[in-house]
Amino acid sequence: MSTYVIGDLHGCHAEFVALLEKLAFTPGRDRLWLVGDLVNRGPGSLACLREAQALDARCVLGNHDFHLLVVARGGGKLRKNDTLDDILAAPDCETLLDWLQQQPLTVREDATLMVHAGILPSWSLAKAQALDSEVQAALQGEQAGAFLRDLFGDQPDRWRDDLEGVARLRCIVNVMARMRFIAANERLDFAAKRGLDSTPEGFAPWFQYPRDDRARLLFGHWAALSGKTPQAAIDVRALDTGCAWGGALTALTLETGALTSVPSQNAGRTP
Ligand SMILES: [Mn+2]
């Protein structure tokens with residue numbers, strides 16, 4: 001049995017299939033974890049969703065997965081570069097969205113936590129899981145539509161334990177599904193999306209701040225890192241190697257630490 005943790009699919013279904021084949025992934029024997037952003041940008045978002053559900057993958061939600069739910073169920077609008085039409089027009093659209101909406105923001109096993117963007121240095125793994133449960137309750141509750149309508153926004157940009165309501169849930173999602181750079185006081189930056197050469201003044205990548213536990217964090221989201229985490233202060237693995245942008249799709253074998261990649265078949269797309 002092996003556990004394969006695969007980076008952001010972003011609709012790269014052909015590469016997903018090729019990578020599973022290269023790994024000799026066997027359903028029922030091996031386990032499949034997906035680090036979020038299954039959809040959007042690439043040409044095969046619908047096929048990726050169907051495949052992930054069929055293979056019973058353990059997934060965490062990324063910002064693009066949330067965007068799909070916001071468009072389909074929260075009154076949100078498609079954006080220019082979105083490639084979500086095939087999902088929205090599919091006969092099994094509602095089934096797939098129901099499945100997606102039941103996915104968590106974190107998957108934990110012992111000291112290992114998978115999350116799309118990251119967690120704050122001050123959050124224990126137990127706290128991250130508890131906050132994740134709050135978001136899951138909102139996503140699966142009767143007011144899920146209202147929650148999705150209000151979900152996206154850059155404020156509040158700093159976590160406080162006394163945040164309430166939508167502001168609280170939005171801040172949790174902003175950390176776990178959108179974060180890249182934070183300040184020493186854990187304030188989030190939302191403007192910079194490129195690599196470390198775009199680090200805003202007074203900020204640093206979230207993984208360059210120490211933690212007081214020995215957690216191992218697995219994340220995706222940040223294609224510009226190309227799988228690297230320079231000057232990391234914690235045990236961390238970046239798994240988004242930019243398949244949708246002409247890079248590669250990468251799997252980490254959890255038990256051995258081995259990395260396996262297949263090249264993108266979609267050269268030339270820009271983030
Ligand atoms: Mn992302």
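Which protein donors does the manganese ion have, and how far from it do they lie? They are Asp37 (OD), Asn63 (OD1), His116 (NE2) and His221 (ND1), at 2.1 to 2.3 Å from the ion. Donors here are N, O and S atoms within 2.8 Å of the metal (3.2 Å for Na, K and Ca); water is not among the atoms, so sites may look incomplete.

A word on the model. It is predicted: local features need pLDDT of at least 70, side-chain atom pairs count only at pLDDT 80 or more, and totals for chains, interfaces and linings use all residues. Residues are numbered from 1 along each chain as its sequence is written, and side-chain values use heavy atoms, with hydrogens and water left out.

Along the chain, the donors follow the spacing D-x25-N-x52-H-x104-H. Distant parts of the chain are linked here: aspartate 37 sits in the loop between E2 and helix H2 (45–54), and histidine 221 in the loop between strand E8 (216–219) and strand E9 (235–238), 184 residues apart. Aspartate 37 and histidine 221 are both buried. Buried means under 20% relative accessible area, exposed over 50%, partly exposed in between (1.4 Å probe, protein chains only).

Now the whole chain. It has eight helices and eleven strands. These are DSSP runs, numbered from the N terminus: helices are H or I with at least four residues, strands are E with at least two. The C-alpha trace spans about 45 × 40 × 35 Å along its principal axes. A compact globule of 271 residues would have a radius of gyration near 18 Å, and this chain has 17 Å, which agrees. That radius is taken over C-alpha atoms, and the globule rule is 2.2 Å times the number of residues to the power 0.38. Of the 271 residues, 57% are buried.

First sheet. Five strands form an open sheet in the order E3-E2-E1-E10-E11, with mixed pairing. Two strands pair if DSSP finds at least two bridges between them. The edge strands are E3 (58–59) and E11 (259–263), and each pairs on one side only. Strand E2 (residues 31–34) and E3 pair in the parallel sense over two bridges. Look at tryptophan 33: its bridge partner in E3 is arginine 58.

Helix H1 (residues 13–23) lies across E1 (3–6), E2, E10 (248–253) and E11, at about 140 degrees to E11. Axes are lines fitted to C-alpha atoms, for helices over the stretch in contact, and angles run from 0 to 180 degrees between N-to-C directions. Contact means heavy atoms within 4.5 Å.

Glutamate 15 is in helix H1. Buried or exposed? Glutamate 15 counts as buried, because its relative accessibility is 2%. Leaving aside neighbours within four places in sequence, its contacts include Cys243, Leu249 and Gln265. Glutamate 15 and glutamine 265 are 250 residues apart in sequence, yet 7.1 Å apart in space, C-alpha to C-alpha.

E4 and strand E5 (residues 112–115) run antiparallel, joined by four bridges. Arginine 108 has leucine 113 as its bridge partner in E5.
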